[in-house]
Amino acid sequence: MTQSRFTGTDSYVATDDLTMAVNAALTLERPLLIKGEPGTGKTQLAEEVAKALDTNLIQWHIKSTTKAHQGLYEYDAVSRLRDSQLGDEKVHDIANYIVKGKLWEAFESDKRSVLLIDEIDKADIEFPNDLLQELDKMEFHVYETKQVIAARQRPLVIITSNNEKELPDAFLRRCFFHYISFPDTSTMEQIVNVHFPSLKKDLLSEALKVFFDVREVPGLKKKPSTSELLDWIKLLLAEDIPAEELHGDDPRKAIPKLHGALLKNEQDVHLFERLVFLNRKKSAQGNVDPR
Amino acid sequence: MFLELFFKLRKAEVPVSITEYLTLLEGLDKNLAGYSVDDFYHFARLSLVKDERFYDRFDVIFGEHFQGIKAALDEIFGEIPEEWLRKQAELFLSKEEMEQIEAMGGWDELMETLKKRLEEQKDRHQGGNKMIGTAGRSPFGAQGYNPEGVRIGQEKSRHRRAVKVWDKREYKNLDDSVELGTRNIKMALRKLRKFARQGAAEELDLDGTISSTARNAGLLDIKMVPERHNAIKVLLMFDIGGSMDDHVKLCEELFSATKTEFKHLEYFYFHNFLYEGLWKDNRRRHADKTPTMDVMHKYGSDYKLIFVGDATMSPYEITYAGGSVEHWNEEAGAVWLQRLLDVYPHAVWLNPEPEVRWERTPSIKITKELMSDRMYPLTISGLDEAIKELLKRTH
């Protein structure tokens, strides 16, 4: 059996459970549903899996107006109508007006492809139900031309969701489900290392400490995520800030440099500054404590 | 083979079905979860659990299930003769690891320290670098990092990294019995959407236009349709003041979430229970009262009625005329509630009090009976249930 396994790539750190999820989906040929905090690399997973398996990635980005049949095919009635008025010869064959969707594209591919259905929760509540049969059997029927399109190679289907809508049980039952939890410090270190291999060790550990401290601040509207950390480190590197300046111990410099990259929300920045200010006051009082 | 685990999960109300169980077995058959408990844990979670809200419950059950085997061992742990330990260790440890032990000062020294630690230790221990127990870096106990560790009470073999993931219960805060934030409430309320086309036709109906044009032998015939919007109408009644002060934050969140979600939303306040008057502005509650009768006449029975209140008071306030704490009421609160329920067949009562207290508080019990059991806790899952009830068709 030429079973290729996914173990993460040189630009993507996959934890054990995530690796297991992808490999299980590959072996048992089931769709894989991925949820997780924004910025934990859900969409990127599909890209990296495609890269690791050396196959093509077909992306289907879902919007609130997306309908399930658009992923299969669309019948372009308007151009047919126009062609008929112009007397075009094409008009006699209806197949000329069938526009293939992403699912069709994935089914037709000679090599097993990776199909990403991105942010499925953006679509209408009925959307996942409309795709049940197609994802289960990996085939569908084209009414206009009366042909059945079946997958030559069952594609690996990766579906991401941001939890804006609950997905129907019947749909969930057919999928594997994985929740990408927020990485712990050691995983985070690996992730940063993969992206910035030449980063100085002490700067990295200081930056991570500040980052996890900021995440701990209660009441933040949007906690900074992995992608924000990577942006921030990029900025730190560009500004060439030494590790010492990130030290939170000095109360006068308690606000980390360039925190705008970490906190994306005005209210959060205010809240953070206020907390830092309070802390500073507290520690100042502590210092003058008379004996 | 894992039927017991499966039924335990079902008992804990993790929604697992036969399909998922068969998938699990299929995966095991294809050797996906090879030989380590960790792999098995990951794969079982992947195939059985379909929502991160149930991760925590799954962790607990999984832990329990595998603890069962371990607990038996833990009990006799103190009395384990050295010989037995040695034998077990020899069974589990590879040759290289045994050599490492030798390098660390030999078997006897290791055993000596183990005995000492056993004496120091009383409770079940987890984590840490010294004590015996699970998930630590001590040389003793199961599933540790230390390469020269003695593995005690670990059912089967061949692990490398193994902190017991399910014992950490990382997903605790995702369980849906915890309180809600505005966004969560909005998510839940979204289910209370029923889109309908109402009002003036102002959107181009492309499909309709095409088909009617085609029928018209190609002469353009434009069709218009009204825009879709949420057609659900909600009447919200909040209990305010008194014992509700404890729940102000929760109610504020619910209120702000509902306000943005619904086009047709009307809200009123009441104190403790429903009587002949309601008000819209709490500061002017005595000056500016709206008679409950007027509310019932003004808003049609297609409105969905949601009460939010802790229903915690003296039972007299519900059942007797003149029972109200604020004023003299001619008719009992129960009568007024019944009138409202007669007008609005779709009604629920959301109660911020924890569900465990309901049975013990007589006034909550009475209210629940009056509502014919349609009382739900003010949590995400409670809200879900309530919305399901509201969307039911009347018979």
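Colleague: Where in chain A is S225(A) found?

Modeller: This is a predicted model. In it, S225(A) sits in the loop between α10 (201-216) and α11 (226-239) of chain A.

Colleague: Is S225(A) buried or exposed?

Modeller: S225(A) counts as buried, because its relative accessibility is 1% and the cut-off for buried is under 20%.

Colleague: Which residues is S225(A) in contact with, leaving aside its neighbours within four places in sequence?

Modeller: The contacts of S225(A) are P38(A), G39(A), F182(A), F211(A) and R215(A).

Colleague: Another loop residue, then. Where does D54(A) lie, and what is its phi?

Modeller: D54(A) belongs to the loop between α2 (42-52) and β2 (57-61) of chain A. Its phi is near 55°, a positive value in a residue other than glycine. For context, most residues other than glycine have a negative phi.

Colleague: Does D54(A) count as buried or exposed?

Modeller: D54(A) counts as exposed, because its relative accessibility is 56% and exposed begins over 50%.

Colleague: And in chain B, what is the phi of S372(B)?

Modeller: S372(B) is not a glycine, yet it has a positive phi of about 45°. The residue is placed in the loop between α15 (362-370) and β9 (375-377) of chain B.

Colleague: Let us turn to chain B as a whole. How many helices and strands does it have?

Modeller: Chain B contains 16 helices and nine strands. Of its 395 residues, 49% are buried. If one takes the contacts in chain B between residues at least 6 apart in sequence, 65% of them join residues at least 24 apart.

Colleague: Now the interface. How many residues of chain B and of chain A are in contact?

Modeller: On the chain B side there are 34 residues, in contact with 28 residues of chain A. The area buried between the two chains is about 2700 Å², and carbon and sulfur atoms give 58% of that area.

Colleague: What about salt bridges between chain B and chain A?

Modeller: There are four salt bridges between chain B and chain A. One that can be named joins D17(A) and R45(B), whose closest N and O atoms are 3.2 Å apart.

Colleague: One last topic. How many residues has the largest nonpolar core, and which have the most contacts inside it?

Modeller: The largest nonpolar core has 80 residues, and V49(A), I159(A) and F43(B) have the most contacts inside it. Helix α1 (residues 16-28) of chain A gives the largest share of this core, eight residues. Apart from that core lies another, of 30 residues, among them F182(A), A207(A), L229(A) and A261(A).

Colleague: What does V49(A) touch, not counting residues up to four places away in sequence?

Modeller: V49(A) touches F6(A), V22(A), V114(A), L156(A) and I158(A).

Technical notes: Residues numbered from 1 in each chain as written. Chains lettered and ligands numbered in written order. Predicted model: local features only at pLDDT ≥ 70, side-chain atom pairs only at ≥ 80, totals over all residues. Heavy atoms only, no water. Contact = heavy atoms within 4.5 Å. Buried area = accessible area lost by both parts, 1.4 Å probe. Salt bridge = Lys/Arg side-chain N within 4 Å of Asp/Glu carboxyl O. Helix = DSSP H or I, 4+ residues; strand = E, 2+ residues; numbered from the N terminus. Buried < 20%, exposed > 50% of the residue type's maximum accessible area, 1.4 Å probe, protein only. Core = buried A, V, L, I, M, F, W, Y, C linked by side-chain atoms within 4.5 Å.
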